[in-house]
Amino acid sequence: MKRTIPLFISAVTGFVLIATAFIPKFVDWGNDAMAWFNLLAAFAFVLGGGNLLKMQLQKISAQQPGWGYSAVTLIAFFITLFVGLAKVGVHPNVNFPEFAWSGDYLEEGSVFWWFFEYIFTPLSATMFALLAFYISSAAFRAFRAKNTEATILLIIAVIVLLGRTYASEWLTGGFSNEPIFGENGITYSDFKLDHLTQIIMEDFTTPGMRAIKIGIALGVASTSLKVLLGVDRSYLGSDQEA
Amino acid sequence: MLKILQNLDRRWIFLLMFVAVAVPLIMGTTFPETPSGEVIAVFDAVDNLPDGSNIVMALDYDPASAGELQPMASAFTRHCALKKHNIYFMTLWPQGIPMIQSSIDILNEEYPKTYKGKYGTKYVNLGFRAGNEGVIKLVVEDLKKSYSADIHGTNLDNIPLTKNLKNIQQVDLLCNVSAGYPGSQEWVLYGSSPFDIPTVVGCTGVQAPIMLPYIPDQLTGMLAAIKGAAEYEQAIINHYPQLAENPKAKEGLIRMGPQLVAHVLLIGLIALGNVIYFWERKQGTA
(Lines give C-alpha, C1' and ligand atoms only; values in the text may rest on other atoms or scores of the structure.)
Protein backbone atom coordinates (compact mmCIF):
# COMPACT_ATOMS: atom_id res chain seq x y z
CA MET A 1 0.00 0.00 0.00
CA LYS A 2 2.86 2.35 0.86
CA ARG A 3 3.96 2.17 -2.75
CA THR A 4 0.66 1.76 -4.53
CA ILE A 5 -1.00 4.90 -3.14
CA PRO A 6 1.88 7.29 -4.03
CA LEU A 7 2.07 5.67 -7.48
CA PHE A 8 -1.67 6.20 -7.96
CA ILE A 9 -1.51 9.83 -6.77
CA SER A 10 1.46 10.55 -9.08
CA ALA A 11 -0.22 8.97 -12.09
CA VAL A 12 -3.59 10.68 -11.60
CA THR A 13 -2.03 14.11 -10.89
CA GLY A 14 0.38 13.81 -13.78
CA PHE A 15 -2.25 12.80 -16.32
CA VAL A 16 -4.64 15.53 -15.10
CA LEU A 17 -1.88 18.12 -15.57
CA ILE A 18 -1.16 16.79 -19.06
CA ALA A 19 -4.87 16.93 -19.85
CA THR A 20 -5.08 20.60 -18.77
CA ALA A 21 -2.83 21.49 -21.68
CA PHE A 22 -5.33 20.07 -24.18
CA ILE A 23 -8.78 19.99 -22.54
CA PRO A 24 -10.09 23.28 -21.04
CA LYS A 25 -12.48 21.28 -18.80
CA PHE A 26 -9.49 19.97 -16.85
CA VAL A 27 -7.93 23.39 -16.15
CA ASP A 28 -9.67 23.77 -12.76
CA TRP A 29 -8.62 20.26 -11.74
CA GLY A 30 -5.05 21.07 -12.74
CA ASN A 31 -5.14 24.28 -10.70
CA ASP A 32 -6.41 22.35 -7.67
CA ALA A 33 -3.59 19.83 -8.08
CA MET A 34 -1.05 22.66 -8.24
CA ALA A 35 -2.54 24.31 -5.13
CA TRP A 36 -2.10 21.00 -3.26
CA PHE A 37 1.44 20.71 -4.62
CA ASN A 38 2.28 24.21 -3.35
CA LEU A 39 0.97 23.32 0.11
CA LEU A 40 3.09 20.17 0.15
CA ALA A 41 6.09 22.20 -1.02
CA ALA A 42 5.67 24.44 2.02
CA PHE A 43 5.80 21.34 4.25
CA ALA A 44 9.11 20.45 2.59
CA PHE A 45 10.66 23.26 4.64
CA VAL A 46 9.67 21.36 7.80
CA LEU A 47 11.17 18.17 6.38
CA GLY A 48 14.32 20.09 5.46
CA GLY A 49 14.61 21.42 9.00
CA GLY A 50 14.09 17.92 10.41
CA ASN A 51 16.72 16.49 8.11
CA LEU A 52 19.19 19.21 9.09
CA LEU A 53 18.61 18.41 12.74
CA LYS A 54 19.04 14.68 12.22
CA MET A 55 22.27 14.98 10.22
CA GLN A 56 23.93 17.50 12.53
CA LEU A 57 22.90 15.66 15.70
CA GLN A 58 24.33 12.43 14.27
CA LYS A 59 27.65 14.19 13.63
CA ILE A 60 27.74 15.64 17.13
CA SER A 61 26.80 12.40 18.90
CA ALA A 62 29.41 10.42 16.91
CA GLN A 63 32.00 13.18 17.56
CA GLN A 64 32.88 13.10 13.88
CA PRO A 65 35.68 15.42 12.67
CA GLY A 66 34.26 18.95 12.46
CA TRP A 67 31.40 18.21 14.85
CA GLY A 68 31.90 21.69 16.31
CA TYR A 69 30.63 23.19 13.06
CA SER A 70 27.49 21.08 13.42
CA ALA A 71 26.99 22.51 16.90
CA VAL A 72 27.36 26.06 15.52
CA THR A 73 24.85 25.20 12.75
CA LEU A 74 22.31 23.91 15.27
CA ILE A 75 22.71 26.89 17.61
CA ALA A 76 22.29 29.31 14.70
CA PHE A 77 19.30 27.29 13.44
CA PHE A 78 17.48 27.35 16.79
CA ILE A 79 18.18 31.03 17.48
CA THR A 80 16.95 32.03 14.00
CA LEU A 81 13.91 29.76 14.29
CA PHE A 82 13.04 31.24 17.67
CA VAL A 83 13.36 34.92 16.71
CA GLY A 84 11.41 34.23 13.51
CA LEU A 85 8.57 32.25 15.08
CA ALA A 86 8.33 34.42 18.20
CA LYS A 87 8.61 37.56 16.01
CA VAL A 88 11.00 39.15 18.49
CA GLY A 89 10.95 42.94 18.11
CA VAL A 90 8.01 42.92 15.68
CA HIS A 91 5.15 45.39 16.15
CA PRO A 92 1.54 44.34 15.53
CA ASN A 93 0.18 44.84 12.01
CA VAL A 94 -1.67 48.17 11.67
CA ASN A 95 -4.67 46.30 10.23
CA PHE A 96 -4.84 43.93 13.22
CA PRO A 97 -3.52 45.92 16.21
CA GLU A 98 -5.31 43.68 18.70
CA PHE A 99 -3.16 40.69 17.69
CA ALA A 100 0.34 41.02 19.17
CA TRP A 101 1.91 38.61 16.68
CA SER A 102 0.20 39.92 13.53
CA GLY A 103 3.26 41.93 12.38
CA ASP A 104 5.63 40.91 9.62
CA TYR A 105 8.55 38.83 10.90
CA LEU A 106 10.87 40.74 8.52
CA GLU A 107 9.75 44.15 9.76
CA GLU A 108 12.59 46.66 9.71
CA GLY A 109 14.22 46.80 13.14
CA SER A 110 13.07 43.34 14.24
CA VAL A 111 15.66 40.83 15.41
CA PHE A 112 15.03 38.51 12.43
CA TRP A 113 15.46 41.48 10.05
CA TRP A 114 18.68 42.38 11.87
CA PHE A 115 19.99 38.81 11.47
CA PHE A 116 19.11 38.86 7.77
CA GLU A 117 20.53 42.32 7.09
CA TYR A 118 23.73 42.12 9.11
CA ILE A 119 24.60 38.43 9.24
CA PHE A 120 22.96 36.47 6.42
CA THR A 121 23.38 39.10 3.69
CA PRO A 122 27.09 39.84 4.23
CA LEU A 123 27.91 36.14 4.71
CA SER A 124 26.07 35.14 1.52
CA ALA A 125 27.71 37.93 -0.46
CA THR A 126 31.12 36.95 0.92
CA MET A 127 30.70 33.30 -0.04
CA PHE A 128 29.70 34.29 -3.57
CA ALA A 129 32.50 36.86 -3.87
CA LEU A 130 35.09 34.22 -2.96
CA LEU A 131 34.46 32.74 -6.41
CA ALA A 132 36.48 35.57 -7.96
CA PHE A 133 39.55 34.52 -5.98
CA TYR A 134 39.23 30.83 -6.79
CA ILE A 135 38.57 31.55 -10.47
CA SER A 136 41.71 33.68 -10.66
CA SER A 137 43.78 30.94 -9.04
CA ALA A 138 42.25 28.33 -11.39
CA ALA A 139 42.90 30.57 -14.42
CA PHE A 140 46.58 30.67 -13.51
CA ARG A 141 47.01 26.98 -12.71
CA ALA A 142 44.55 25.02 -14.83
CA PHE A 143 43.61 26.91 -17.99
CA ARG A 144 46.36 25.52 -20.23
CA ALA A 145 46.51 25.18 -24.02
CA LYS A 146 47.27 21.46 -23.77
CA ASN A 147 45.52 20.43 -27.00
CA THR A 148 43.53 21.88 -29.88
CA GLU A 149 40.20 21.89 -28.02
CA ALA A 150 41.69 23.60 -24.97
CA THR A 151 43.37 26.18 -27.21
CA ILE A 152 40.08 26.99 -28.99
CA LEU A 153 38.36 27.28 -25.61
CA LEU A 154 41.11 29.56 -24.37
CA ILE A 155 40.89 31.88 -27.40
CA ILE A 156 37.11 32.09 -27.09
CA ALA A 157 37.39 32.79 -23.37
CA VAL A 158 39.78 35.67 -24.00
CA ILE A 159 37.51 37.16 -26.72
CA VAL A 160 34.41 36.96 -24.49
CA LEU A 161 36.24 38.23 -21.38
CA LEU A 162 37.41 41.29 -23.30
CA GLY A 163 34.28 41.66 -25.43
CA ARG A 164 32.06 41.99 -22.36
CA THR A 165 33.98 45.01 -21.06
CA TYR A 166 35.08 48.42 -22.28
CA ALA A 167 38.42 46.82 -23.23
CA SER A 168 36.82 45.86 -26.55
CA GLU A 169 36.34 49.56 -27.31
CA TRP A 170 39.91 50.39 -26.32
CA LEU A 171 41.48 47.58 -28.31
CA THR A 172 39.27 47.35 -31.38
CA GLY A 173 37.04 50.42 -31.28
CA GLY A 174 39.07 52.04 -34.07
CA PHE A 175 38.44 49.25 -36.60
CA SER A 176 36.88 50.88 -39.66
CA ASN A 177 33.93 49.79 -41.76
CA GLU A 178 36.10 49.45 -44.84
CA PRO A 179 36.07 46.05 -46.57
CA ILE A 180 39.17 43.93 -46.05
CA PHE A 181 39.41 42.11 -49.36
CA GLY A 182 37.65 43.83 -52.23
CA GLU A 183 33.88 44.03 -51.94
CA ASN A 184 33.25 40.66 -50.23
CA GLY A 185 31.35 42.24 -47.36
CA ILE A 186 33.77 41.41 -44.55
CA THR A 187 34.97 44.61 -42.92
CA TYR A 188 37.56 45.42 -40.29
CA SER A 189 34.78 46.32 -37.84
CA ASP A 190 33.49 42.74 -38.06
CA PHE A 191 36.53 41.83 -35.98
CA LYS A 192 35.69 44.17 -33.12
CA LEU A 193 35.80 42.14 -29.91
CA ASP A 194 32.23 42.96 -28.89
CA HIS A 195 31.02 41.90 -32.35
CA LEU A 196 32.98 38.66 -32.17
CA THR A 197 31.50 38.04 -28.70
CA GLN A 198 28.03 38.55 -30.14
CA ILE A 199 28.77 36.09 -32.96
CA ILE A 200 30.04 33.51 -30.46
CA MET A 201 26.93 33.90 -28.30
CA GLU A 202 24.37 33.97 -31.11
CA ASP A 203 25.86 31.62 -33.70
CA PHE A 204 27.60 29.06 -31.52
CA THR A 205 26.29 29.16 -27.95
CA THR A 206 22.60 29.57 -28.79
CA PRO A 207 22.30 26.72 -31.34
CA GLY A 208 24.35 24.48 -29.04
CA MET A 209 22.16 25.32 -26.07
CA ARG A 210 19.03 24.85 -28.18
CA ALA A 211 20.18 21.35 -29.18
CA ILE A 212 20.92 20.49 -25.54
CA LYS A 213 17.51 21.79 -24.49
CA ILE A 214 15.70 19.72 -27.10
CA GLY A 215 17.60 16.67 -25.88
CA ILE A 216 16.74 17.45 -22.26
CA ALA A 217 13.08 17.99 -23.16
CA LEU A 218 12.88 14.61 -24.89
CA GLY A 219 14.56 13.01 -21.86
CA VAL A 220 12.16 14.71 -19.46
CA ALA A 221 9.14 13.60 -21.51
CA SER A 222 10.35 10.02 -21.58
CA THR A 223 11.26 9.95 -17.85
CA SER A 224 7.93 11.58 -16.93
CA LEU A 225 5.99 8.95 -18.86
CA LYS A 226 7.96 6.22 -17.10
CA VAL A 227 7.12 7.76 -13.71
CA LEU A 228 3.44 8.27 -14.55
CA LEU A 229 3.06 4.72 -15.86
CA GLY A 230 4.81 3.32 -12.80
CA VAL A 231 7.75 1.90 -14.75
CA ASP A 232 10.27 4.10 -12.94
CA ARG A 233 9.69 3.92 -9.19
CA SER A 234 13.10 5.16 -8.05
CA TYR A 235 11.56 8.36 -6.63
CA LEU A 236 9.79 6.24 -4.02
CA GLY A 237 13.11 5.16 -2.56
CA SER A 238 14.26 1.57 -2.08
CA ASP A 239 12.66 -1.20 -4.13
CA GLN A 240 12.06 -3.24 -0.98
CA GLU A 241 8.42 -3.16 0.10
CA ALA A 242 8.14 -1.39 3.46
CA MET B 1 61.87 34.06 -12.57
CA LEU B 2 59.80 31.31 -14.14
CA LYS B 3 60.75 29.02 -11.27
CA ILE B 4 59.42 31.55 -8.79
CA LEU B 5 56.19 31.84 -10.78
CA GLN B 6 55.96 28.06 -11.00
CA ASN B 7 55.72 27.84 -7.22
CA LEU B 8 53.79 31.07 -6.74
CA ASP B 9 51.70 31.02 -3.59
CA ARG B 10 48.07 31.40 -4.58
CA ARG B 11 47.60 34.05 -1.89
CA TRP B 12 49.54 36.47 -4.14
CA ILE B 13 46.95 35.83 -6.85
CA PHE B 14 44.16 36.43 -4.35
CA LEU B 15 45.81 39.72 -3.37
CA LEU B 16 46.08 40.76 -7.03
CA MET B 17 42.37 40.03 -7.57
CA PHE B 18 41.49 41.96 -4.42
CA VAL B 19 43.41 45.01 -5.66
CA ALA B 20 41.96 44.62 -9.17
CA VAL B 21 38.42 44.80 -7.80
CA ALA B 22 38.97 47.24 -4.92
CA VAL B 23 40.87 50.04 -6.69
CA PRO B 24 38.32 50.77 -9.47
CA LEU B 25 35.50 50.43 -6.91
CA ILE B 26 37.11 52.97 -4.56
CA MET B 27 37.93 55.30 -7.44
CA GLY B 28 34.39 54.94 -8.82
CA THR B 29 35.67 54.49 -12.35
CA THR B 30 32.92 54.18 -14.96
CA PHE B 31 32.99 53.65 -18.69
CA PRO B 32 30.42 54.60 -21.32
CA GLU B 33 28.18 51.70 -22.36
CA THR B 34 26.33 51.21 -25.62
CA PRO B 35 23.06 49.31 -25.12
CA SER B 36 22.93 46.11 -27.18
CA GLY B 37 19.90 44.97 -29.19
CA GLU B 38 18.71 42.71 -26.37
CA VAL B 39 18.90 45.53 -23.84
CA ILE B 40 17.12 47.96 -26.17
CA ALA B 41 14.37 45.34 -26.56
CA VAL B 42 14.00 45.27 -22.75
CA PHE B 43 13.98 49.07 -22.58
CA ASP B 44 11.35 49.34 -25.33
CA ALA B 45 9.17 46.66 -23.70
CA VAL B 46 8.89 48.81 -20.57
CA ASP B 47 8.99 52.20 -22.22
CA ASN B 48 6.55 51.64 -25.06
CA LEU B 49 3.74 50.71 -22.68
CA PRO B 50 1.26 53.50 -21.91
CA ASP B 51 1.87 55.24 -18.57
CA GLY B 52 0.22 53.43 -15.69
CA SER B 53 0.37 49.95 -17.25
CA ASN B 54 0.37 46.86 -15.04
CA ILE B 55 3.72 45.13 -14.52
CA VAL B 56 4.52 41.99 -12.55
CA MET B 57 7.99 42.23 -11.02
CA ALA B 58 9.14 38.76 -9.97
CA LEU B 59 12.41 39.08 -8.04
CA ASP B 60 13.80 35.57 -7.65
CA TYR B 61 17.22 36.01 -6.10
CA ASP B 62 18.97 36.23 -2.75
CA PRO B 63 21.69 38.38 -1.16
CA ALA B 64 24.41 36.15 -2.63
CA SER B 65 23.50 37.29 -6.15
CA ALA B 66 22.41 40.79 -5.22
CA GLY B 67 25.78 42.20 -6.30
CA GLU B 68 25.02 41.15 -9.86
CA LEU B 69 21.22 41.41 -9.89
CA GLN B 70 20.25 44.26 -7.60
CA PRO B 71 21.30 46.91 -10.17
CA MET B 72 18.92 45.25 -12.67
CA ALA B 73 16.03 45.12 -10.22
CA SER B 74 16.66 48.74 -9.23
CA ALA B 75 16.85 49.82 -12.88
CA PHE B 76 13.60 47.97 -13.70
CA THR B 77 11.95 49.64 -10.69
CA ARG B 78 13.17 53.12 -11.63
CA HIS B 79 12.13 52.69 -15.25
CA CYS B 80 8.66 51.50 -14.24
CA ALA B 81 8.41 54.39 -11.76
CA LEU B 82 9.33 56.93 -14.44
CA LYS B 83 6.47 55.51 -16.51
CA LYS B 84 4.18 55.53 -13.46
CA HIS B 85 3.40 51.85 -14.00
CA ASN B 86 1.46 49.82 -11.43
CA ILE B 87 3.76 47.17 -10.00
CA TYR B 88 2.95 43.74 -8.55
CA PHE B 89 5.97 42.42 -6.64
CA MET B 90 6.38 38.72 -5.91
CA THR B 91 9.12 36.16 -5.36
CA LEU B 92 9.60 32.41 -5.56
CA TRP B 93 12.64 32.60 -3.26
CA PRO B 94 12.16 32.87 0.52
CA GLN B 95 15.20 35.17 0.68
CA GLY B 96 13.64 37.35 -2.01
CA ILE B 97 11.36 39.31 0.33
CA PRO B 98 14.06 41.79 1.46
CA MET B 99 15.08 42.16 -2.20
CA ILE B 100 11.53 43.30 -2.97
CA GLN B 101 11.73 45.71 -0.04
CA SER B 102 14.81 47.34 -1.61
CA SER B 103 12.78 48.06 -4.75
CA ILE B 104 9.84 49.36 -2.71
CA ASP B 105 12.24 51.67 -0.87
CA ILE B 106 13.29 53.11 -4.24
CA LEU B 107 9.65 53.79 -5.11
CA ASN B 108 8.96 55.53 -1.80
CA GLU B 109 12.20 57.49 -1.52
CA GLU B 110 12.84 58.51 -5.14
CA TYR B 111 9.29 58.74 -6.51
CA PRO B 112 7.19 59.80 -3.51
CA LYS B 113 4.68 61.75 -5.61
CA THR B 114 3.62 58.65 -7.50
CA TYR B 115 4.12 55.90 -4.96
CA LYS B 116 4.44 57.09 -1.35
CA GLY B 117 1.32 56.13 0.57
CA LYS B 118 -0.12 54.50 -2.55
CA TYR B 119 0.30 50.89 -1.47
CA GLY B 120 -2.49 48.87 -3.01
CA THR B 121 -3.28 51.41 -5.70
CA LYS B 122 0.12 51.86 -7.39
CA TYR B 123 2.05 48.86 -6.12
CA VAL B 124 1.44 45.73 -4.12
CA ASN B 125 3.79 43.22 -2.49
CA LEU B 126 2.53 39.65 -2.85
CA GLY B 127 5.59 38.25 -1.09
CA PHE B 128 6.83 34.67 -1.24
CA ARG B 129 5.00 31.43 -1.96
CA ALA B 130 6.56 27.96 -1.86
CA GLY B 131 6.07 25.68 -4.83
CA ASN B 132 8.47 26.92 -7.51
CA GLU B 133 6.94 26.35 -10.95
CA GLY B 134 3.73 25.23 -9.21
CA VAL B 135 3.24 28.84 -8.09
CA ILE B 136 3.88 30.11 -11.62
CA LYS B 137 1.32 27.69 -13.07
CA LEU B 138 -1.26 28.95 -10.60
CA VAL B 139 -0.64 32.69 -10.86
CA VAL B 140 -0.92 32.61 -14.63
CA GLU B 141 -4.31 30.88 -14.43
CA ASP B 142 -5.81 31.62 -11.04
CA LEU B 143 -3.82 34.07 -8.94
CA LYS B 144 -5.97 33.88 -5.82
CA LYS B 145 -5.60 30.13 -5.56
CA SER B 146 -1.94 30.72 -4.82
CA TYR B 147 -2.05 34.18 -3.24
CA SER B 148 -5.18 34.75 -1.19
CA ALA B 149 -3.51 37.63 0.70
CA ASP B 150 -0.58 39.99 0.23
CA ILE B 151 2.53 39.99 2.40
CA HIS B 152 0.74 41.96 5.14
CA GLY B 153 -2.11 39.47 5.32
CA THR B 154 -4.62 41.71 3.54
CA ASN B 155 -7.06 39.79 1.39
CA LEU B 156 -6.40 40.42 -2.30
CA ASP B 157 -10.12 41.17 -2.78
CA ASN B 158 -9.64 44.20 -0.52
CA ILE B 159 -6.71 45.64 -2.48
CA PRO B 160 -7.68 47.86 -5.45
CA LEU B 161 -4.84 46.59 -7.68
CA THR B 162 -5.63 42.92 -7.17
CA LYS B 163 -9.41 43.03 -6.60
CA ASN B 164 -10.23 42.40 -10.25
CA LEU B 165 -7.06 40.60 -11.21
CA LYS B 166 -7.93 36.98 -12.02
CA ASN B 167 -4.49 36.01 -13.21
CA ILE B 168 -1.32 37.58 -14.53
CA GLN B 169 -2.34 36.99 -18.12
CA GLN B 170 -4.12 40.30 -17.60
CA VAL B 171 -0.93 42.27 -16.93
CA ASP B 172 0.94 44.13 -19.65
CA LEU B 173 4.44 42.90 -18.92
CA LEU B 174 6.26 40.40 -16.75
CA CYS B 175 9.72 41.44 -15.52
CA ASN B 176 11.74 38.71 -13.88
CA VAL B 177 15.12 39.05 -12.20
CA SER B 178 16.53 35.65 -11.39
CA ALA B 179 19.61 33.99 -9.94
CA GLY B 180 18.75 30.40 -10.86
CA TYR B 181 16.02 27.88 -10.05
CA PRO B 182 13.18 28.74 -9.86
CA GLY B 183 13.59 31.74 -12.08
CA SER B 184 13.66 33.04 -15.61
CA GLN B 185 13.52 29.70 -17.37
CA GLU B 186 10.53 28.52 -15.31
CA TRP B 187 8.69 31.80 -15.93
CA VAL B 188 9.20 31.32 -19.68
CA LEU B 189 8.26 27.63 -19.70
CA TYR B 190 5.18 27.81 -17.47
CA GLY B 191 4.17 31.47 -17.69
CA SER B 192 5.03 33.62 -20.65
CA SER B 193 5.36 31.03 -23.40
CA PRO B 194 2.07 29.05 -23.01
CA PHE B 195 0.01 32.21 -22.44
CA ASP B 196 1.88 34.74 -24.62
CA ILE B 197 2.62 37.10 -21.73
CA PRO B 198 5.22 39.67 -22.84
CA THR B 199 8.26 38.93 -20.71
CA VAL B 200 11.66 40.46 -20.10
CA VAL B 201 14.26 39.00 -17.77
CA GLY B 202 17.45 39.95 -16.02
CA CYS B 203 19.70 37.08 -15.06
CA THR B 204 23.20 36.13 -13.96
CA GLY B 205 25.96 35.59 -16.51
CA VAL B 206 25.81 31.84 -15.86
CA GLN B 207 22.11 31.72 -16.80
CA ALA B 208 22.45 33.85 -19.94
CA PRO B 209 23.36 31.00 -22.36
CA ILE B 210 20.41 28.99 -21.01
CA MET B 211 18.00 31.85 -21.74
CA LEU B 212 19.38 32.86 -25.15
CA PRO B 213 17.40 30.24 -27.16
CA TYR B 214 14.11 31.79 -25.98
CA ILE B 215 14.86 35.18 -27.56
CA PRO B 216 12.97 36.73 -29.34
CA ASP B 217 9.87 34.52 -29.62
CA GLN B 218 9.23 33.42 -26.04
CA LEU B 219 11.25 36.19 -24.43
CA THR B 220 11.19 39.82 -25.54
CA GLY B 221 14.62 40.70 -24.19
CA MET B 222 17.22 39.88 -21.60
CA LEU B 223 19.71 41.68 -19.39
CA ALA B 224 22.68 39.37 -19.00
CA ALA B 225 24.89 39.85 -15.94
CA ILE B 226 26.24 43.16 -14.69
CA LYS B 227 27.07 44.18 -18.26
CA GLY B 228 23.36 43.95 -19.16
CA ALA B 229 22.47 45.96 -16.06
CA ALA B 230 24.99 48.66 -16.96
CA GLU B 231 23.71 48.89 -20.55
CA TYR B 232 20.12 49.11 -19.32
CA GLU B 233 21.05 51.88 -16.89
CA GLN B 234 22.73 53.71 -19.75
CA ALA B 235 19.64 53.28 -21.96
CA ILE B 236 17.43 54.72 -19.22
CA ILE B 237 19.82 57.63 -18.60
CA ASN B 238 19.93 58.34 -22.35
CA HIS B 239 16.13 58.73 -22.40
CA TYR B 240 15.66 60.22 -18.92
CA PRO B 241 18.75 62.43 -18.40
CA GLN B 242 17.56 63.52 -14.93
CA LEU B 243 18.72 60.08 -13.69
CA ALA B 244 22.33 60.94 -14.54
CA GLU B 245 22.40 63.02 -11.33
CA ASN B 246 21.40 60.03 -9.22
CA PRO B 247 24.50 57.91 -8.32
CA LYS B 248 22.23 55.08 -7.16
CA ALA B 249 20.97 54.79 -10.74
CA LYS B 250 24.49 53.92 -11.91
CA GLU B 251 25.23 50.90 -9.70
CA GLY B 252 25.72 48.65 -12.72
CA LEU B 253 27.86 51.19 -14.56
CA ILE B 254 30.09 51.59 -11.50
CA ARG B 255 30.54 47.81 -11.23
CA MET B 256 31.76 47.56 -14.83
CA GLY B 257 35.06 49.19 -13.74
CA PRO B 258 36.10 46.32 -11.43
CA GLN B 259 34.79 43.88 -14.04
CA LEU B 260 37.12 45.31 -16.69
CA VAL B 261 40.21 45.20 -14.49
CA ALA B 262 39.35 41.73 -13.13
CA HIS B 263 38.85 40.38 -16.66
CA VAL B 264 42.17 41.84 -17.82
CA LEU B 265 43.86 40.32 -14.76
CA LEU B 266 42.31 36.93 -15.54
CA ILE B 267 43.62 37.09 -19.12
CA GLY B 268 47.03 38.05 -17.78
CA LEU B 269 46.99 35.09 -15.37
CA ILE B 270 45.89 32.70 -18.11
CA ALA B 271 48.70 33.97 -20.35
CA LEU B 272 51.28 33.70 -17.57
CA GLY B 273 50.08 30.21 -16.67
CA ASN B 274 50.52 29.14 -20.28
CA VAL B 275 53.99 30.66 -20.54
CA ILE B 276 54.99 28.55 -17.52
CA TYR B 277 53.30 25.49 -19.03
CA PHE B 278 55.17 25.78 -22.35
CA TRP B 279 58.43 26.46 -20.52
CA GLU B 280 57.88 23.34 -18.40
CA ARG B 281 57.08 21.37 -21.54
CA LYS B 282 60.34 22.56 -23.12
CA GLN B 283 62.19 21.50 -19.99
CA GLY B 284 60.38 18.14 -20.08
CA THR B 285 58.79 18.59 -16.66
CA ALA B 286 55.15 19.30 -17.69
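**Entry 1: the interface**

I counted twelve residue pairs in polar contact between chain B and chain A, both residues of each pair being at pLDDT 80 or more. I note here that the model is a predicted one.

Next I looked up which elements of chain B touch chain A. Those giving two or more residues include helix 2 (10-27), helix 4 (63-82), helix 5 (97-110) and helix 12 (225-239). Helix 13 (251-283) of chain B is also on that list. Helix 13 of chain B gives the largest share, 17 residues.

What kinds of residue make up this side of chain B? I found 38 nonpolar, 13 polar and eleven charged.

I then checked the extent of the contact. Chain B puts in 62 residues and chain A puts in 53 residues. Together the two chains bury about 4800 Å². Carbon and sulfur atoms account for 69% of that area.

**Entry 2: a salt bridge between the chains**

How many salt bridges cross the interface of chain B and chain A? I found one. Lys145(B) pairs with Asp32(A), with N to O at 2.9 Å. I also looked for a network here. Asp142(B) joins Asp32(A) and Lys145(B) in a network of salt bridges.

**Entry 3: salt bridges within chain B**

Then I turned to Lys83(B) and Asp51(B), whose closest N and O atoms are 3.1 Å apart. Lys83(B) is in the loop between helix 4 and strand 2 (86-91) of chain B, and Asp51(B) is in the loop between helix 3 and strand 1 (54-60) of chain B, so the pair links parts 32 residues apart in sequence. Lys83(B) is buried, at 10%. Asp51(B) is exposed, at 52%.

My last pair was Glu251(B) and Arg255(B), with the closest N and O atoms 3.5 Å apart. Both lie in helix 13 of chain B, four residues apart, so about one helical turn separates them. Arg255(B) is partly exposed, at 30% relative accessible area.

Notes: Residues are numbered from 1 along each chain as its sequence is written. Chains are lettered from A and ligands numbered from 1 in the order in which they are written. This is a predicted model: local features need pLDDT of at least 70, side-chain atom pairs count only at pLDDT 80 or more; totals for chains, interfaces and linings use all residues. Side-chain values use heavy atoms; hydrogens and water are left out. Contact means heavy atoms within 4.5 Å. Buried area is the accessible area (1.4 Å probe) that two parts lose on being put together, summed over both. A salt bridge is a side-chain nitrogen of Lys or Arg within 4 Å of a carboxyl oxygen of Asp or Glu. A polar contact is a pair of N or O atoms within 3.5 Å; within protein, one must be able to donate a hydrogen and the other to accept it, and residues adjacent in sequence count only if both atoms are side-chain atoms. Ala, Val, Leu, Ile, Met, Phe, Trp, Tyr, Cys and Pro count as nonpolar, Asp, Glu, Lys and Arg as charged, and the others, Gly among them, as polar. Buried means under 20% relative accessible area, exposed over 50%, partly exposed in between (1.4 Å probe, protein chains only).
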